[in-house]
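Subject: Handover of a structure

Dear colleague,

Please find below the structure that I am handing over to you.

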Amino acid sequence: MAEKLENASKNITAIYKNKEGYLFLGTFDKKGLLIVNDKNEFVQSNSEFSGLNHLKEKVVRTINADKDGIIWIGSEDNLLTRFDFQNKQSKTYQIPGSVENVESQITGILTDTYFRIWVANPAGVFLFDPTAGTFSKLLSDANTQNIEEDSRGNIWCANYNTDLCRINKDLSISYFKSNEKNTNLANDKFVCVFKDSKDRMWVGTEFNGLFLYLPDSSNFQQFTVEDGLPSNDICSIEEDSKGRLWIGTNNGLSRFSYSLSDFSNYFRSDGMNADEFHYNSSYATKSGELYFGCTDGIVFFDPGDIRGDYLTFPIKIEGMKVNYGEVDKDLKGTPINEALRLSLPIKLKYDQNTISFDYSTINYSASKKSNFAYQLAGLNDDFNYVQNQRQVTYANLKPGKYIFKVIASNNDNIWDKKGVEIAFAIKNPPWLSWWAFLIYGLILILVFHGLRIQVRHEEKMKAAVKMERVEKNQQRELTQMKLRFFTNISHEFKTPLTLIIGPLEQIIADLHGNSGLKTKLVNISANSKRLLELINQLIDFRRIEQDVLPLKKTRNNLIETTQKVMAAFNPTAIKNEILFSFDSDFEILPFNYDQDKMEKILTNLLSNAFKHTSRGGSIYIRIWNSDESKVNITLSDTGSGIAPEKIQGIFEEFNNNSTGTNYLEMQSSGIGLAYSKKLVELHNGSLEIESIPNKGTRITIEVPYDRTLIQSANDNEISIQNAAINPLTNALPKGFTGESETKGLVDLSSAPNILVVEDDEEIRKYIVSILMDRFKIDEAEDGQKGYEQALKNDYDLIVSDVMMPNMSGTQLCEKLKSNIKTSHIFVILLTAKSDINSRTEGYETGADSYITKPFLPRHLIQVIKNLLNTQQNIKTFYSSTEDKTQEPLGIHPRDKQFITDAIALIEKNIDEEQFSVELMGKELGLSRTHLYRKFKSLTGSAPNDFIRHIRLRRAAQLIKEGKYSISEIAYMVGFKTPANFSTSFKALYGKSPKEYQGK
């Protein structure tokens, strides 16, 4: 066939073989279509193929067949020929467009899974309808060289000088951009596209080799001459029965096994016609034969008939370099050259650790087709396949034994697994020799022994510290337990103290004559107050521990404060003949400090000093300053002193000593000096102590000299919410003065109603006894019952304990203030808890005042008077005929909103004379009874009177405007008759409407 082709045409650009064994060949040199029968005879000139005579002297670029065996031929002039081989009939179709240039050549024909016919030429890709004979253009100006269908029915287009693309089943187009990281495609010169038996898509390019599409990442894997291809110009691709690709290039034919990553290349020297193949000129028959069109006819063969080259060739290690130098230059006197020749082991020094090997194979027929792989046992057991690379270098090898081995393949990629090898060893440096490790071992043993001794010592120290910490924690926990115990008891003490101090104050106030009895009672009262003071100090100490004790600084004179405290101890000093003296660097010393806490500090320290100073001794106080920012107070005594080892412990609470001066005791409470020290630290100051046994003690206090502008101590406030202390004359109902029974009997018919809620019966009876001669009193034994009574009765004020069963005082207050029926009732909370958090919680629930136990009767009465005075002011505000812009003081927000809503409701219906109390109660959500109580409490008027008041106030506004007559205004504000309006107006304003109009 080769000779016949040489006479017909050497440039075969299209190949197709039908089932009858006829071979159809397209030519590039305008020799038209060649047809070879099953006897290898050219028959295109036979009369039976006369229907194809129009293809004579034309370029035929592509031939394909559909499922029915119809042959489709693409040629120049954009001519598509349909040839029915059975009846030898043909029909032609022409793609619209220019036929005078290279774009007129059809380059690809494809029948897809859906039996549609696709046609490609340089002008684009078309979908051909054989019935209508029409072409639908789907891709324009792409210079498409080849088209192929993938397993999903998509059509891939190999476009030259434009991007590779894919026409999807829905006819949308996906492009794969060249020279982008996400595709890995190197250029835009795509020549062919091929789907293999495993549905993998392969793309051949000009200049950049072969690409495999990776669908999982939408990327491509590239294969080039560096991987084994004979050329990077891919012309055509076919597949044999073993799944190997046969790739035609412009420099030989290559067989590629993807699973083995193995290329075998064949050239003219191996018996082929030529080394250069035409684009997309190839065909694989069903019997397994492969056809490739080249520049000198065609190459066809059965891949199974090609025998491999099973001969292997000797491999030789030709040379070895150490540290990039020749062996015979750098290692003279060594047997290395001889070792290389005889493959004997080589010994190297530790610094001769960069080794290079040169190797080759004795293949005289085609040595360039030999591939190599090498291995360095001792470093890596895997072979490195390096194609035709013939040298390898290993740098910075570690000391050890190595075996270098190299193997090679023959022309047909058959590997000689035996190969050749050479062993060498790199000696250890001196510091890694056996005797060096012996020394290292001895040093480690010594270090380990030293560390063990150190660790045991540290463990003992840690155990001792841990034991000390445990003891301190136990002592701290015991101290906290004592503080909690005494604090809880202290709160309990406040209730009986209330029952002692309160009645006692009343008895002393009411006692006339009998001065001896009064003196005793005053003494009892003083000691009760002293007990209360000790309880408060213990509670304060607990607050300091919890960091919740507030510091209330005011501007005070420290000289005056000190002399005041000293005056209380003068009788003791005179009685025990103790020289008690005072000295100061200042005549007056005003600055900011908490006077109450400063008095407690000085009182505690002087109390201990007097307790432990013997008769005839001395106590001395001096005030001075070490610098302008500090004030110092020094207290010295000539008492028994403190042992040096016990000084540090005296700052710890409950750390009572049995001997020496016990500065820890605060009237035997066990927290004296600790309490004083913490109060000083609360001022950001310090307290230091110096003492010599049997000679005396000196305590120095240092506090900041704070002179910023602050409220004076004379501006003391009384903690009563919403109102200052004012006379009761105008606050209480007419006819009620609020005076006690000592001034005569009091008429309680118009007195305010007060509910006392207290679970302790004694306290409750005591509070009732204080208030019963001034107010109408009801009782409740817990918060739940108090709430139920408040809903049933009309109370002006409720006095409630905080800690109660069923419902606490704060819960009661919250429920009262959140209910519109009871939100107007004033609430006073009584409690033994005086800390700021408890007060805040009480006020947050809506309490109007907060009084701590024990309390003085006159204090409670005065707070009640002030709250009732606030209530009366609210009533006066809402009953006034004047328009006021400011809000009344002391009114609860819910009540203020209630009055606002009521006024708005009345004004909305102001011209409705039928607007009644029932309608207003329904709109405001209250029954008639509760509506009456609410208005009486807030305004002092019944709901009817309040409605009339708002109507008349609106009428007064209209009269002032002067736009309407009196009669019109009467009807506008909801009165039945002008006469009734005039009577009501005069009753409220003291003038008739006409007189008011003319004023």
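K58 and D77 form a salt bridge in which the closest N and O atoms are 2.4 Å apart; the term stands for a side-chain nitrogen of Lys or Arg within 4 Å of a carboxyl oxygen of Asp or Glu. K58 lies in the loop between β3 (33-36) and β4 (60-65), and D77 in the loop between β5 (71-75) and β6, so this pair ties together parts that are 19 residues apart in sequence. Helices (H or I, at least four residues) and strands (E, at least two) are DSSP runs, numbered from the N terminus. Both K58 and D77 are buried, where buried means under 20% relative accessible area, exposed means over 50%, and partly exposed lies in between (1.4 Å probe, protein chains only).

Please note that this is a predicted model, in which local features need pLDDT of at least 70 and side-chain atom pairs count only at pLDDT 80 or more, while totals for chains, interfaces and linings use all residues. Residues are numbered from 1 along each chain as its sequence is written, and side-chain values use heavy atoms, with hydrogens and water left out.

Further salt bridges

The structure holds 23 salt bridges. One of them joins the side chains of D240 and R244, at 3.0 Å from N to O. D240 is buried, with a relative accessible area of 7%, and R244 is buried as well, at 16%.

Another salt bridge brings together K472 and E468, at 3.6 Å from N to O. Both residues belong to helix α4 (residues 434-510), where they are four residues apart, about one turn of the helix. K472 is partly exposed, its relative accessible area being 47%; E468 also counts as partly exposed, at 41%.

Aromatic pairs

A pair of aromatic rings is described by the distance of the centres and the angle of the planes. Rings of Phe, Tyr and Trp (its six-membered ring) pair if their centres lie within 6.5 Å; planes under 30 degrees apart count as stacked, over 60 as edge-to-face and the rest as tilted. The structure holds 53 aromatic pairs. In one of them, the rings of F24 and F85 have centres 6.3 Å apart and planes at 80°, so the pair is edge-to-face. This pair links distant parts of the chain, 61 residues apart: F24 is in strand β2 (residues 23-27), and F85 is in the loop between β6 (79-84) and β7 (89-94). Both F24 and F85 are buried.

What is the arrangement of the rings of F935 and F946? Their centres are 5.0 Å apart and their planes are at 45°, so the pair is tilted. It links F935 in helix α17 (residues 928-939) with F946 in helix α18 (residues 943-961), 11 residues apart. F935 counts as buried at 0% relative accessibility, and F946 is buried with a relative accessible area of 2%.

Ring pairs also link F357, Y359, F372, Y374, Y394, Y402, F404 and F424 into a cluster.

Loops and backbone

Most residues other than glycine have a negative phi, and most peptide bonds are trans. F115, a residue other than glycine, has a positive phi, near 65°. F115 is placed in the loop between β8 (108-111) and β9 (117-121) and counts as exposed, at 53% relative accessibility. S261 likewise has a positive phi, near 50°. S261 lies in the loop between β22 (252-257) and β23 (262-266), and S261 is exposed, with a relative accessible area of 55%.

D188 lies in the loop between β15 (173-176) and β16 (190-195). At 26% relative accessibility, D188 counts as partly exposed. The C-alpha atoms of D188 and Y160 are separated by 6.3 Å, and the two residues are 28 residues apart along the chain.

I hope that this account is of use to you.

Yours sincerely
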